[in-house]
Amino acid sequence: MFAILKLLLLSISSQLNADQGFDVRRHLCTVTRYDVAKDIANTSAVAANNIPNGCTPIHVNLVARHGTRSPNKKRMRELDELASHLGELIREAEEQNLSLEKVPSWLRGWKSPWREKLKGGELIKKGEEELYNLGIRIRERFSELFDEEYHPDVYPIKATQVPRASASAVAFGMGLLSEKGGLGPAQHRAFAVTSEIPASDIILRFHDCCGNYKDFKKRQEPAVDKLKEPVLDEITSALVSRYGLKFTRQDTATLWSLCKQEASVLDITDQACGLFSPSEVALLEWADDLEMFILKGYGNSINYRMGVPLLEDVVQSMEQAIKANEEKHPPGSYEKARLRFAHAETVVPFTCLLGLFLEGSEFQKIQREEPLELPPKPPQSRNWRGSTVAPFAGNNMLVLHSCPANSASKYFVQVLHNEQPIPMTGCNGSDFCPFEEFKEKIVAPHLKHDYDSVCTAKLEEPEQKPASSELSQLFRCLLSLQNDDTRSTKDGL
């Protein structure tokens, strides 16, 4: 009997220790802050940084998501409705003389911290710091690339016209160019951030203009909701039993949304997040990851094929850098870095185009446009996690190196994901890939799908001009954006 009791106590103690070591901020899918995401160990995805001696970086491509932001209008409305509904649940329990001892005190009279805000979705101070510090780290890491006088043609900084993305570009530029000018005590300097109008931005906001993708997403969203229902129902049942309130499936979904906002934006982890056990958080995170996989990631080839213009832009910039290096152009006459700031809907497809977070067999499948299995359910491990693939300020950097001493290839591409070397399955699991091999094995299979063939229906009139012309692209994007005013309310943006 004593032995059984001892085992039971050890089991309880072990579980308490595991729960105490659990940090919910590491499990918030794409609402994860960058400083937390960078600390998430993922030994299966991170490769050793083995750059051969004599190799020098000559160009950097950066594709980054905006930093941590406040909830958007849609989320703020949901939280206001939650506050009202929670009040109703408490009153109903009191009228029925039910015990409220199990109800957390913060739930009684709770009001949304954002209830008085009229606008949302803006970059918060923490988000500014994420990008500012990223700019400083990149300048220090690639000091030989950022050692000359700033010029917008040498270091072009591009962003979408969504304010949180352009503000992120500004914060990054302030860090990158800190102490490089003469403005104020901090010696800032002015720099340019350029944007395309949304209707023609097929490089950073291709998802906004891609009619076929928008149709696909609209058709798939009900099916995704169905996939998530069993998880929400299971956890709703547990919450009702645990706290004695008649929570609904929608309540559970909104409480999880509140948990993510509180933990990420406010660093509060003991209120809404405290309602869920670690195993329940893992299931909710997995459900979010499923949604991202199906609607933004490897779940369907249209999700990433529409990002081909961005991939082409990256390759073109590297080819221009190689040409400048071969022809020994003078400093200041050619581009050394192309720096882009956008959204999860940009970073996730671009990550898929590079074939990251895949096993070998899976890479071959996407090359053949075959569907992949969904990410496995906890407690099984998985590579595909929103908290690492596209957290706030999440980024991919493609660093072009010149390796003149190498006899086989003079130029190599290194891929850094969230500043860490990451293996490219298409390059035999290496993070340091010969440029020609990178183009042949990773890029070329995607280039047979141009933006028009992916995003618009086939034209019936053969005599019509190719839709790849700039004017036709602009026209189609304008049609696609017409009456579409929901762009800035999407949770992942």
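Q: Leaving aside its neighbours within four places in sequence, which residues is lysine 296 in contact with?
A: Contact means heavy atoms within 4.5 Å. Neighbours within four places in sequence are left aside. The partners of lysine 296 are then Tyr213, Glu291, Asn303, Glu345, Val348 and Pro349.

Q: What is the mean pLDDT of the protein chain?
A: This is a predicted model: local features need pLDDT of at least 70, side-chain atom pairs count only at pLDDT 80 or more, and totals for chains, interfaces and linings use all residues. Residues are numbered from 1 along each chain as its sequence is written, and side-chain values use heavy atoms, with hydrogens and water left out. pLDDT is the predictor's confidence in each residue, from 0 to 100. In the protein chain 87% of residues reach 70 or more, and the mean is 88.

Q: Is lysine 296 buried or exposed?
A: Lysine 296 lies in the loop between α9 (278-295) and α10 (301-305). Helices are DSSP runs (H or I, at least four residues), numbered from the N terminus. Buried means under 20% relative accessible area, exposed over 50%, partly exposed in between (1.4 Å probe, protein chains only). Lysine 296 has 17%, so it is buried.

Q: What is the relative accessible area of serine 317?
A: Serine 317 lies in helix α11 (residues 308-326). Not counting residues up to four places away in sequence, serine 317 touches His59, Asn61, Glu335, Arg338 and Arg340. Serine 317 is buried, and its relative accessible area is 1%.

Q: How do α11 and α15 run relative to each other, roughly parallel or roughly antiparallel?
A: The axes are lines fitted to C-alpha atoms over the stretch in contact, with angles from 0 to 180 degrees between N-to-C directions. Those of α11 and helix α15 (residues 435-447) come within 11 Å and cross at roughly 155°. Angles under 35 degrees count as roughly parallel, over 145 as roughly antiparallel, 65 to 115 as roughly perpendicular and the rest as oblique. The pair α11 and α15 is therefore roughly antiparallel.

Q: How many nonpolar residues does the contact of α11 with α15 have?
A: Residues of α11, including Val308, Leu311 and Ile322, meet residues of α15, among them Phe435, Phe438 and Leu447. Ala, Val, Leu, Ile, Met, Phe, Trp, Tyr, Cys and Pro count as nonpolar, Asp, Glu, Lys and Arg as charged, and the others, Gly among them, as polar. One residue of this contact is polar and three are charged, while the nonpolar ones number nine.

Terms used: Helix = DSSP H or I, 4+ residues; strand = E, 2+ residues; numbered from the N terminus.
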